[in-house]
Amino acid sequence: MTATMRWIGLGVSVGLLAVSCGPEGAAPATSEPSPASSAPVEAPVVTDAPVETAPPSTTATTTATMSMPSFSERSEQLFDQTVLHEIDIEIGSEELALLDPPTDDRVPARLTVDGTTADDVGLRLKRGFGQFQPLDEKPGFSIETDEFVDGLTLFDVDRFTLGNAAWDHSFLNEPLVYGLYRAAGLPAPRTALARVTVNGETFGLYVMRETYDERMLAQHFVDPEGNLYESTGAHDAPDMGLELRTNKRRDDTSDLAAIVEVVATASDEDYRAAIGELVDVDQLMTYWALEALTAHHDGYAYDLSDPALFPGAGDQLWNPYPNNFYVYDDPTSDRWVFLVHGADMALGMGSRSTYDVDPSTPVLLPPKVDATIAWRLWQDPTFRDDFAERVRWVLDEVWDVAALNARADMLAELVRGDGLSGSREFVTMGAFEQSLADRKDFLTRRVDAVRAELAAWEQATGEEESP
């Protein structure tokens, strides 16, 4: 499946700025636009859809069945990154009372996005350690448009979140990191910035992010009917801490059980081949390389919890457990694919929104012990060498410093234009400017630091192989 893509410059490389032009020959959209959102796109919109690029395969045959994504024009308009979107939420007093304390149950609300309104969308507060704030502060929101009305979409999207930037005071980590994943040919959520008003009160600036579900899977995979799992973030949990998010009525998790069995029983000699029958190891290698390069330590594999890495750091919040990721069991390849999530603490951020992961922090590190699929792969010296080469490929083909900084500057102008004036806003302009400078510094200095590490790795492994 291919899509006709039209590229524009804006001083940014094509790897990060793609414009959808009405995909000739592409797969049809997953559903027809709702009557309330049928207005045509009058001008090109800038998103960070991927280019057709793929790393060199380290296996005899390629297993990936991902394709160029098929996005509708309306959904591209929603995630247009060149504009600050206006989102108005209206919630009745009774429904407001049900939101706080937070619950998994959603309440009906009227949602207006850039002048397009949908009634009775499902809304709840975002939970979890990362972004939770109560209703009397600046909460994040999780939105499911068809919770109460079957088939209801807004801009052809049925699930998205509004993140409050509790950790990332630049508002840029997720847009930049997910753009890198897409530039490497991997699925990742689309994002945009939005000013959010609740019952007439402007709360502040938010990061709007697409949510993984069946509709999003259909945009990226030939067959979207496979099992989608989400990490719960729990450690010492059965089944690698994964919970089924699709096909719940069928409730067939034999695919997960098969992987747990291979991880537990395959010999060291047979493990890579055995797990490769169930997991797209090539895709995982690129996914993991990007986690390491972006220092996304709150994700699946990249581990910064070794105290030796940050002597004297004190009470840091490095997460030694797999967290913030999804996996999709692609029916076409019959292999798992890893999906990035929750990258708001990447690009140099370690704890308390501070810039304390130095750009020279190593990437060629053992993974988290509880990331069992990756942990066992790392025990294979051949895999480690392949992984180092995959990191090099990402630096050569994907990590475009000028493009990344130009994207950051473009988004920064939206933040400056908004002025961070919301009544609930806790990010000051001074904190934003400092955080922006930190992100750009990390993106720029990361390249030379990692290239030096790769050179040292190559020299060390070469010496080990010499007689």
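Select strand β5 (residues 116-125) together with strand β6 (residues 141-144). Four bridges join the two strands, and they run antiparallel. Strands here are DSSP runs of E with at least two residues, helices are runs of H or I with at least four, and both are numbered from the N terminus. Two strands count as paired if DSSP finds at least two bridges between them.

This is a predicted model, in which local features need pLDDT of at least 70, side-chain atom pairs count only at pLDDT 80 or more, and totals for chains, interfaces and linings use all residues. Residues are numbered from 1 along each chain as its sequence is written, and side-chain values use heavy atoms, with hydrogens and water left out.

Pick Val107: its bridge partner in β5 is Leu123. Now follow the hairpin formed by β4 and β5, with two residues between them. Asp114 sits in the turn and has a positive phi of about 50°.

Colour β5 by accessibility. Seven of its ten residues are buried, so β5 is largely enclosed by the rest of the structure. Buried means under 20% relative accessible area, exposed means over 50%, and partly exposed is in between (1.4 Å probe, protein chains only).

Stay in β5 and select Arg124. Its bridge partner in β6 is Ser142. Which residues does Arg124 touch, not counting those up to four places away in sequence? They are Leu99, Thr103, Asp104, Asp105, Arg106, Gly140, Phe141 and Ser142. Contact means heavy atoms within 4.5 Å. Arg124 is buried yet has no salt bridge. The nearest side chain of opposite charge, Asp104, is 4.7 Å away. A salt bridge needs a side-chain nitrogen of Lys or Arg within 4 Å of a carboxyl oxygen of Asp or Glu. For charge, Lys and Arg count as positive and Asp and Glu as negative; His and the chain ends are not counted.

Move to helix α3 (residues 173-183). Eleven of its eleven residues are buried, so α3 is largely enclosed by the rest of the structure. The buried residues include Glu174, Tyr178 and Arg182. Just after α3, select Gly185, which takes a positive phi of about 90°.

Last stop: Asn405, in helix α10 (residues 401-418). Asn405 counts as buried because its relative accessibility is 13%. Asn405 and Lys440 are 35 residues apart in sequence and 6.1 Å apart in space, C-alpha to C-alpha. Not counting residues up to four places away in sequence, Asn405 touches Lys440, Leu443 and Thr444.
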